[in-house]
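This report concerns the pairing of charged side chains in one protein structure. Please consult the sequence and the model shown below.

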Amino acid sequence: MIMLVKTGGEASLPEWRSLFAALLPELDVRWWDDPTVAAEDVAYTFLWAPEPGRLATYPNLRLIISSGAGVDHLTADPHLPAHVPIAKMGAAEAVARMREFALATVFFHHRRFHSFVANQRLKRWEDDETTEAANRTVGVMGLGTLGLPSALALRDASFRVKAWSRSARAIPGIESHAGAAGFDAFLAGTEIVLCLLAATPETAGIVNAATLAKLPRGACVINAARGSHVVIPDLVAALDGGHIAGATLDVFETEPLPADSPVWTHPRILVTPHVASFPNRAARARFVAEAITAFEADRTVLNRFDASRGY
Ligand code: GLV
């Protein structure tokens with residue numbers, strides 16, 4: 001039973017092999033480009049971004065396991081074999097890390113650290129209005145594998161939490177808004193918005209000038225989903241104009257973020273290098289082993305990608 005791996009770079013193969021040897025000894029783990037593997041022997045793939053058309057060349061592929069919770073890097077392949085199910089990374093550690101990232105960055109903006117960081121560069125000693133978490137409204141866009149636990153953690157940290165998702169959700173202590181019809185009501189009064197949406201054609205560029213204008217003055221934006229969600233020139237203009245006070249961006253259209261991006265030097269943008277929910281290899285290997293075990297037992301696909309929804 002062969003599994004091809006393409007995540008973490010080829011240098012990580014020995015580590016993947018030893019992790020899987022302990023978890024699923026019958027699994028033969030090979031690197032994506034291993035020339036000695038016959039296409040018909042490939043049963044599983046565990047990967048981030050395959051070159052388009054490659055997955056379709058494995059006639060006996062049973063399950064594709066995405067090394068990320070988002071699968072846009074897979075669905076971008078026009079030849080993706082539609083009959084092969086996809087399991088999205090759902091390691092408990094990935095969820096826990098996103099929860100931490102949500103809390104860390106929401107508190108960062110809640111306590112106006114974006115102002116202090118900008119002022120420190122200018123040696124400017126200036127306090128900034130702040131309030132208690134219980135008086136701060138945070139809006140979470142997306143209630144998926146990572147969005148829902150983050151929204152719950154923010155609620156439990158006393159924030160007033162609003163959420164925006166495809167369909168309305170009844171979650172105690174969270175004000176639910178849904179679909180295009182509910183978007184404006186979601187934005188109204190949201191002081192810190194956290195984007196955890198899946199990347200689909202409908203959500204591309206969703207954080208744009210019109211969206212930002214509907215947030216209250218002084219609002220902050222956090223994007224820990226995909227770079228395609230935020231129109232960077234619109235965000236920079238809103239920051240420079242003072243309507244938006246600060247932003248944290250973890251994801252970008254081009255990664256690593258190019259040196260000439262204005263984002264790097266913007267005094268009110270915190271850049272983090274796509275680390276929000278990144279679990280370590282041992283945690284991901286455990287999830288993959290569980291996914292394969294469940295699939296082998298009765299074809300259960302853990303955290304399954306739904307092509308009709310696009311995530
Ligand atoms: C990371 O970006 C992921 O999709 O999990």
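The model is predicted: local features need pLDDT of at least 70, side-chain atom pairs count only at pLDDT 80 or more, and totals for chains, interfaces and linings use all residues. Residues are numbered from 1 along each chain as its sequence is written, and side-chain values use heavy atoms, with hydrogens and water left out.

The structure contains 14 salt bridges, a salt bridge being a side-chain nitrogen of Lys or Arg within 4 Å of a carboxyl oxygen of Asp or Glu.

| Salt bridge | N to O distance |
|---|---|
| Asp128 and Arg112 | 4.0 Å |
| Arg136 and Glu191 | 3.2 Å |
| Arg309 and Asp306 | 3.4 Å |

Asp128 lies in the loop between helix 4 (113–121) and strand 6 (137–141), and Arg112 in the loop between helix 3 (92–110) and helix 4, so their pair ties together parts 16 residues apart in sequence. Helices (H or I, at least four residues) and strands (E, at least two) are DSSP runs, numbered from the N terminus. Arg112 is buried at 7% relative accessibility, whereas Asp128 is partly exposed at 27%. Buried means under 20% relative accessible area, exposed over 50%, and partly exposed in between (1.4 Å probe, protein chains only).

The pair of Arg136 and Glu191 links distant parts of the chain, 55 residues apart. Arg136 is buried, at 2%, while Glu191 is partly exposed, at 22%.

Arg309 is partly exposed at 33%, and Asp306 is partly exposed at 28%.

Finally, a network of salt bridges links Arg17, Asp28, Arg30 and Asp34.
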